[in-house]
Amino acid sequence: MNNSPMSDLVPLRQWGLRIENFFLCAGPCSAESPQQLLAAAKGLQGCPLTFFRAGIWKPRTRPGTFEGHGVEALSWLRRVRDETGFAVGVEVADPAHVQACLEHKIDVLWIGARTTTNPFAVQALAESLRSAALPVLVKNPVSPDLGLWIGALERLYNAGLRKLAVIHRGFAVAETEQYRNPPLWRIPIELKRRLPAVPVICDPSHMSGRADMIFPVSQEALDLLYDGLMVEVHANPTQALSDAQQQLTPEQFRSMLGRLRVRTELSPDQQYQTRMEQLRRQIDEVDEKIIDLLRKRMDIVQAMAECKRRTEVSTLQPERWREVMATRVAQGTRKGLSPEFLAALYEVIHEEAIRWQERPLFNDQ
Ligand code: PEP
Ligand code: MN
């Protein structure tokens, strides 16, 4: 008996939808017209799609842009299903959307990033979906808040839904590097650790925001053992009414499918196993040294704290901290480590050092 949370979810392969190598969703950002939808779907014919996607209620950041065709487009999607055999799915944001989708027998629903952010909206969706048999996918909230993401899943789970999965589409954060919404992979990895029964799908389109990054981001997701992908595909991306920069043509999508490699967590290969065991032992030794050094560093920090306190000197030493950060980033960069990694690492170390220095105050209460 598995006691981990949500362990009674229906496994992906028992959802009654097509899954070949992995869960695969593709289709345009938005349903723009019956012809546009059919052109994308026909272009995808022959691909092993789990479902064909299209947004019909579009949550746009600013008003006055294309906000989707609404209920009218549900019948266009049914036509796609009739003509191609693909299951179809849309984003829902309120109970009226759910009602319309259930009436039109839409196969899969997903909750968008902006909606997951709002517990009232998710609760209302959960009530309107109570015990529904169809699968519901939950995109991560816009902000990097794992609690909100898990909370949304719990609301749906508590409403009796058992075909649940998450879609990781990246987070709106200040440092974007080359991404539209940086992945912050550690967050879905932590979700997987806490809720191993919940399948994780990657949406490389909203993550990268650029068509040329869809392949590497998708491969990275498969390398991280994701259960599948949701990719925006449009017959004529440059003419798309939303997300024109990030949509692939059906041909580009097919070519990507041909290049993607599915990884497995383990291998029976003896040579691989022996070599990995050796390397893992080396990693264990290095980690032990890192931990010993960190402990040693904290002992010095503690001695400094006493010195500072006796002399009525502040814990934070901005000048020294600037120097530590600059020199460590420079040293590490010379040795081939990335400046971003070094800066993030030293921020954590410094924050912990401050905590050690301030700890006596909290203990003296
Ligand atoms: C979408 O899938 O088109 C969409 C609006 O995505 P997100 O909710 O991830 O922004
Ligand atoms: Mn989109």
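## The chain as a whole

Of the 365 residues in the protein chain, 45% count as buried, meaning under 20% relative accessible area, with exposed being over 50% and partly exposed in between (1.4 Å probe, protein chains only). This is a predicted model, where local features need pLDDT of at least 70 and side-chain atom pairs count only at pLDDT 80 or more, while totals for chains, interfaces and linings use all residues. Residues are numbered from 1 along each chain as its sequence is written, chains are lettered from A and ligands numbered from 1 in the order in which they are written, and side-chain values use heavy atoms, leaving out hydrogens and water.

You'll find 13 helices and eight strands here; these are DSSP runs numbered from the N terminus (helices are H or I, at least four residues; strands are E, at least two). The C-alpha trace spans about 75 × 55 × 50 Å along its principal axes.

## The metal site

Now look at ligand 2, a manganese ion. Its protein donors are Cys-29 (SG), His-206 (NE2), Glu-232 (OE) and Asp-243 (OD), at 2.1 to 2.4 Å. Donors are N, O and S atoms within 2.8 Å of the metal (3.2 Å for Na, K and Ca); water is not among the atoms, so sites may look incomplete.

Along the chain, the donors follow the spacing C-x176-H-x25-E-x10-D. Cys-29 sits in the loop between strand E1 (23-27) and helix H1 (34-44), and Asp-243 in the loop between strand E8 (228-232) and helix H10 (250-259), so this pair links parts of the chain 214 residues apart. Both Cys-29 and Asp-243 are buried.

## Around ligand 1

The residues around ligand 1 (a heavy atom within 4 Å) include Cys-29, Trp-110, Ala-113, Arg-169, His-206 and Glu-232. By class, this shell has three nonpolar, two polar and seven charged residues.

Oxygen atoms of ligand 1 pair up with polar atoms of the protein: a side-chain atom of Arg-169 at 2.6 Å, a backbone atom of Ala-113 at 2.8 Å and a side-chain atom of Glu-232 at 3.2 Å. On its own ligand 1 exposes 300 Å², and the protein buries 97% of that (Shrake-Rupley method, 1.4 Å probe).

## Nonpolar cores

In soluble globular proteins, nonpolar side chains tend to be buried together. A nonpolar core is a set of buried Ala, Val, Leu, Ile, Met, Phe, Trp, Tyr and Cys residues joined through side-chain atoms within 4.5 Å. The largest one here has 76 residues, and Phe-52 and Phe-253 touch the most other members. Helix H6 (residues 146-158) gives this core its largest share, seven residues. Another core, of 15 residues, lies apart from it, with Phe-23, Trp-110, Ala-165 and Ile-167 among them.

Notes: Polar contact = N/O pair within 3.5 Å; in protein donor to acceptor, adjacent residues only side chain to side chain. Nonpolar A, V, L, I, M, F, W, Y, C, P; charged D, E, K, R; others polar.
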